[in-house]
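Thank you for making time for this.

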Amino acid sequence: MNSVFIAMSLDGFIADKDGKIDWLHSIPNPDNDDMGYNEFMGRTDAIVMGRKTFETVLGFGIEWPYSRPVFVLSRSMKAVPHELQDHVELVSGPLPEVITWIHTKGHRHLYIDGGRTIQSFLQEDLIDELVVSTIPIVLGGGSPLFGALGHPLSFELVDSKTYLNAIVQRRYRRQKE
């Protein structure tokens with residue numbers, strides 16, 4: 001099972017024109033509601049992210065936030081920081097082969113993260129679940145969540161919730177024929 005948990009603007013962007021994501025905190029969250037993130041993470045056993053997302057997480061300047069194994073898709077990175085070598089593994093190649101290899105390591109429910117990574121998985125029809133939280137802001141440009149596809153992909157709405165009286169989160173399951 002390959003799942004996405006991500007936030008986007010009303011106009012479908014996951015980062016602004018400068019690649020920044022500070023707008024994600026534009027809605028006050030005084031009680032630090034995780035909006036289902038911890039429950040979602042409890043259903044995953046590994047994370048697959050792209051290099052840019054990995055570098056963004058490193059740029060937060062915080063302790064490594066993931067307790068699960070992380071696989072970073074990259075053709076250009078040669079190594080991960082020494083202190084993360086027990087937590088992060090670089091992978092490359094055709095996505096179906098990468099997924100099969102990750103499955104051989106015992107990881108079956110994968111959290112797919114990062115704009116281009118999500119788009120690549122969708123192009124290969126490898127996303128089973130989408131959890132998308134919409135922040136009520138129009139960015140007018142930036143990094144889109146969705147990109148071109150060879151053919152339409154149908155999803156079924158499974159659940160819809162509102163958080164902080166402003167953020168709408170929808171969970172979809174892939175409908176395969």
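I will begin with the chain as a whole, then turn to a pocket, and finish with some single residues.

Please keep in mind that this is a predicted model, in which local features need pLDDT of at least 70 and side-chain atom pairs count only at pLDDT 80 or more, while totals for chains, interfaces and linings use all residues. Residues are numbered from 1 along each chain as its sequence is written, and side-chain values use heavy atoms, with hydrogens and water left out.

Let us start with the overall fold. The protein chain holds 4 helices and 10 strands, where helices (H or I, at least four residues) and strands (E, at least two) are DSSP runs numbered from the N terminus. If you read along the sequence, the order of these elements is β-β-α-β-α-β-β-α-β-α-β-β-β-β. The radius of gyration is 16 Å, close to the 16 Å that the globule rule gives for 177 residues, so the chain is as compact as a globular protein of that length; that radius is taken over C-alpha atoms, and the rule is 2.2 Å times the number of residues to the power 0.38. Along its principal axes, the C-alpha trace spans about 45 × 40 × 30 Å.

How much of the protein chain counts as buried? The share is 42% of the 177 residues, where buried means under 20% relative accessible area, exposed means over 50%, and partly exposed lies in between (1.4 Å probe, protein chains only). The accessible surface comes to about 10000 Å², and 49% of it belongs to carbon and sulfur atoms; such areas come from the Shrake-Rupley method with a 1.4 Å probe, and for residues only the protein chains shown count as cover. As for contacts, meaning heavy atoms within 4.5 Å, residues 24 or more positions apart account for 67% of those with a separation of 6 or more.

Now to the pocket. The second largest pocket has a volume of about 200 Å³, and 13 residues line it, with E39, R43, K161, Q169 and R171 lying nearest its centre. On a 1 Å grid over the protein atoms alone, a cavity is a set of points where a 1.4 Å probe fits but cannot get out, whereas a pocket is an open set with protein on both sides within 12 Å along at least five of seven lines, and lining residues have an atom within 4 Å of a point. Grid points are joined across faces, edges and corners, and the volume is the space filled by probe spheres set on the points. Which element gives the largest share of this lining? Strand β9 does, with 4 residues. The lining divides into 5 nonpolar, 3 polar and 5 charged residues, counting Ala, Val, Leu, Ile, Met, Phe, Trp, Tyr, Cys and Pro as nonpolar, Asp, Glu, Lys and Arg as charged, and the others, Gly among them, as polar.

Next come some buried positions. I14 is found in strand β2 and is buried at 13% relative accessibility. Its contacts, not counting residues up to four places away in sequence, include W23, G115 and L145. G115 itself belongs to helix α4 (residues 115-123), where T117, I118, Q119, F121 and L122 are buried along with it. In strand β7 (residues 129-135), T134 is buried with a relative accessible area of 9%, and beyond its neighbours within four places in sequence it is in contact with M8, S9, L10, A166, I167, V168 and R170.

Finally, a look at backbone angles. Most residues other than glycine have a negative phi. N32, however, has a positive phi of about 55°; N32 sits in the loop between β2 and α1 and counts as exposed at 65% relative accessibility. H25 lies in the loop between β2 and α1 too, and is exposed with a relative accessible area of 68%. L164 also has a positive phi, near 55°, and is found in the loop between β9 and β10, where it counts as partly exposed at 31% relative accessibility. Just after α4, D125 takes a positive phi of about 55°.
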